[in-house]
Amino acid sequence: MHNPATRRAWQALTTHAEELRGAHLRELFAGDKQRFARFSLRDGDLLLDFSKQRITQRTLPLLLELARAAEVETWRERMFSGEPINTTERRAALHVALRQRGASPDLVGGSEVMADVKRVLERMREFVTRVHDGEETGYSGKPVRAVVNLGIGGSTLGPETAHAALAPFRREDLRVFFVANVDSDDLSECLADLDPQTTLFIVASKSFTTQETMANARAARDWIIAAAGSESAVAKHFVALSTNREAVVEFGIDPGRMFEFWDWVGGRFSLWSAIGLSVALAVGMQNFDELLDGAHAMDVHFHAAPLSTNLPVVLALLGIWNSNFLGAPTYAAIPYSHRLRFLPAFLQQLEMESNGKSVTRDGQPVDATTAPVVWGEPGTNAQHSFFQLLHQGGRLIPVDFIGVVNGERPGGRQRLLLANLVAQSAALMRGQDTEEAERACRAAGFSDAEAARLAPHRTYPGNQPSNTLLLNRLTPCTLGKLLALYEHKTFVQGIVWGINSFDQWGVELGKQLAGQILDDETALEDASSKGLLAQVRAWRDSG
């Protein structure tokens, strides 16, 4: 039985949450001067402060008991050993093998996979070198100067997140772009300033049938053919990240320019595979290797560290505490770094596609809520949009603050960014009561009557929980650690909830129905669909 709420530890946590219901974080800090030391963890150049969570010294041991009851350690070992833990598709989930840096083999179904991983990495290295040395040319003989990654979901979110995060490490002589939306405006705007003679397209689709990606790929193919005047030019301007050799060849891409990955690599966990080719081209293979090094370092920590000091485990359990026991239906991810601006979107797919499930691994209804809604924007922008709701909206919304202490560029404003990060987390924690608001108003020169009138509007309830993740620097290595940290957090939560984090059947039905509509616009029988499609036809026919 995989249902979490039936476990004794779950019941103990439910009782504990009720006991803490009236506690305020301000009081918890006042009563424990060692709270930061007690509730923070560090792994090298990454620090997790969770002292602003609504927890006491009793909370974490209860959460760890829940993790052990769910057999997190056993399932962790099963993942690392290559067992088919993706039960609905009978596949391993061995993305850790993609960044394995040691000599120990990783097995999938009894077969050693590291030889294949290293072979593809070496092919990526050779290709990246050819592009950077100007040996990879277009139909007119000019070297590649722009790369356009055509993908969607995990084939673009991870690479685009990494590409933005590693901006100071990018080459100046090669521009990399990402096109995901099937809306033709996305591709058209990208191509407007590009020269077809010097543009290389990466078609990232494991099956080479992904509807949105292939629509963009065909449009890009037409663009190249129109400029070159020959279909033979396609072979010079396209590479494929796929396993479907037949479809790749039919498209016009030389199979020697196809970089494979495997069915044990889930899309949202695929940055570390050939899907990361766009990143390797942008920053160079040495920096891509360092990205893998960082992810591997987090893998080693996750695999070996005791649960009580294990960053992904603690982060996962705190999320479960907030979601299942304190009743928070969402959490906000707020990176105080422009370079991490795509991280919230990456986390949306990682967590909600992985754990947005309502049945257990054995097909029974889950008796608890699973993945919270993940959302967010970079700070300080977010402070001027939705932080009003966080501070005074009356909803419980935990926050992950992510900050970078040292910037890579001269003239950076890290001190200003970090002052805002710490201030916002402190304000959400402590708040400001009515008496304090009145005093502040009087200190600002308001009369007693006016201060009393304004005080309710300037009262902050506080008691909003948050984590703060600090990176010393945002480098390829620390980025790898950060992204792998959230991957393992997601896995641990799925195990505790008793669900399969590695399938995504929820995205299939809508795609199937879209296919039916494209074949026959009268295929759907419900009144809303019929009415909408009738209006679409009317406006389309009228121009």
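A search of the whole predicted model finds five cavities of 30 Å³ or more. Rolling a probe the size of a water molecule over the atoms shows where empty space is left. The largest cavity has a volume of about 160 Å³. Its lining is made up of 18 residues. Closest to the centre of this cavity are Leu-318, Gly-319, Asn-322, Tyr-331 and Lys-489.

Several elements build this lining. Two helices, α14 (311-325) and α20, each supply at least two residues to the largest cavity. So do two strands, β10 (330-336) and β12 (399-406). The greatest share comes from α14, which gives five residues. Eight of its residues are nonpolar, seven are polar and three are charged.

Asp-503 lies in the loop that joins α20 (476-497) to α21 (508-519). Is Asp-503 buried or exposed? Its relative accessibility is 5%. Residues under 20% count as buried, so Asp-503 is buried.

The side chain of Asp-503 has polar partners. Another, at 3.3 Å, is with the side chain of Asn-500. Which residues does Asp-503 touch, leaving aside those up to four places away in sequence? They are Asn-86, Thr-88, Glu-89, Arg-268, Glu-353 and Lys-357.

The view now widens to the whole protein. It has 22 helices and 13 strands. Its C-alpha atoms fill a box of roughly 80 × 60 × 60 Å along the principal axes. The radius of gyration is 25 Å. A compact globule of 543 residues would have a value near 24 Å, so the protein agrees with that expectation.

Burial and contacts complete the picture. Of the 543 residues, 52% count as buried, and Asp-503 is one of the buried residues. How much of the contact total comes from residues 24 or more positions apart? Among contacts with a separation of 6 or more, such pairs account for 74%.

Technical notes
Residues numbered from 1 in each chain as written. Predicted model: local features only at pLDDT ≥ 70, side-chain atom pairs only at ≥ 80, totals over all residues. Heavy atoms only, no water. Helix = DSSP H or I, 4+ residues; strand = E, 2+ residues; numbered from the N terminus. Buried < 20%, exposed > 50% of the residue type's maximum accessible area, 1.4 Å probe, protein only. Polar contact = N/O pair within 3.5 Å; in protein donor to acceptor, adjacent residues only side chain to side chain. Contact = heavy atoms within 4.5 Å. 1 Å grid on protein atoms, 1.4 Å probe; cavity = no way out; pocket = protein on both sides within 12 Å on 5 of 7 lines; lining within 4 Å. Points joined across faces, edges and corners; volume = space filled by probe spheres on them. Nonpolar A, V, L, I, M, F, W, Y, C, P; charged D, E, K, R; others polar. Rg over C-alpha atoms; globule rule 2.2 N^0.38 Å.
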